[in-house]
Amino acid sequence: MAVIDPIFYFSLTTITTLGLGSAEPTGDLRMIAGIESATGFLLISCSASKLFTRMNNV
């Protein structure tokens with residue numbers, strides 16, 4: 001369980017696009033971290049867009 005905690009923390013800060021910088025990926029994981037960050041940004045943007053559209057239609 002001790003190994004999972006830093007991995008989960010890094011993934012959570014990356015997908016929420018906080019990027020606190022206390023943990024940095026190395027090697028090929030840098031590309032995966034970039035993709036995860038872009039995915040998180042798109043997820044937040046699409047969710048906000050859908051919410052605002054529904055609020056305007058009410």
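What percentage of the 58 residues of the protein chain count as buried? In this predicted model, the share of the 58 residues that count as buried is 9%.

The overall dimensions of the chain were examined next. The radius of gyration of the protein chain is 15 Å, whereas a compact globule of 58 residues would have a value near 10 Å. Along the principal axes, the C-alpha trace spans about 45 × 25 × 15 Å. The secondary structure of the protein chain consists of two helices, with zero strands.

Helix H1 covers residues 4–15, and helix H2 covers residues 29–57. H1 is followed by Thr17, for which phi is positive, with a value near 55 degrees. The loop between H1 and H2 contains Gly19, and this glycine is classed as exposed because its relative accessible area of 56% is over the 50% cut-off. Between the C-alpha atoms of Gly19 and Val58, which are 39 residues apart in sequence, the distance in space is 36 Å.

The largest pocket holds about 180 Å³ of space, and its lining draws at least two residues from helix H1 and at least two from helix H2. The lining comprises Pro6, Ile7, Phe10, Ser11, Ala23, Glu24, Pro25, Leu29, Ile32, Ala33 and Glu36. By residue class, this lining divides into eight nonpolar residues, one polar residue and two charged residues.

Two of the lining residues, Ile7 and Glu24, were also compared by position. Ile7 is situated in helix H1, and Ile7 counts as exposed because its relative accessible area, 51%, is over the 50% that the class requires. Ile7 and Glu24 are 17 residues apart along the chain, and a distance of 11 Å separates their C-alpha atoms. Ile7 is thus described both as a residue of the pocket lining and as an exposed residue of the chain.

Conventions
Residues are numbered from 1 along each chain as its sequence is written. This is a predicted model: local features need pLDDT of at least 70, side-chain atom pairs count only at pLDDT 80 or more; totals for chains, interfaces and linings use all residues. Side-chain values use heavy atoms; hydrogens and water are left out. On a 1 Å grid over the protein atoms alone, a cavity is a set of points where a 1.4 Å probe fits but cannot get out, and a pocket is an open set with protein on both sides within 12 Å along at least five of seven lines; lining residues have an atom within 4 Å of a point. Grid points are joined across faces, edges and corners, and a volume is the space filled by probe spheres set on the points. Helices (H or I, at least four residues) and strands (E, at least two) are DSSP runs, numbered from the N terminus. Ala, Val, Leu, Ile, Met, Phe, Trp, Tyr, Cys and Pro count as nonpolar, Asp, Glu, Lys and Arg as charged, and the others, Gly among them, as polar. The radius of gyration is taken over C-alpha atoms; the globule rule is 2.2 Å times the number of residues to the power 0.38. Buried means under 20% relative accessible area, exposed over 50%, partly exposed in between (1.4 Å probe, protein chains only).
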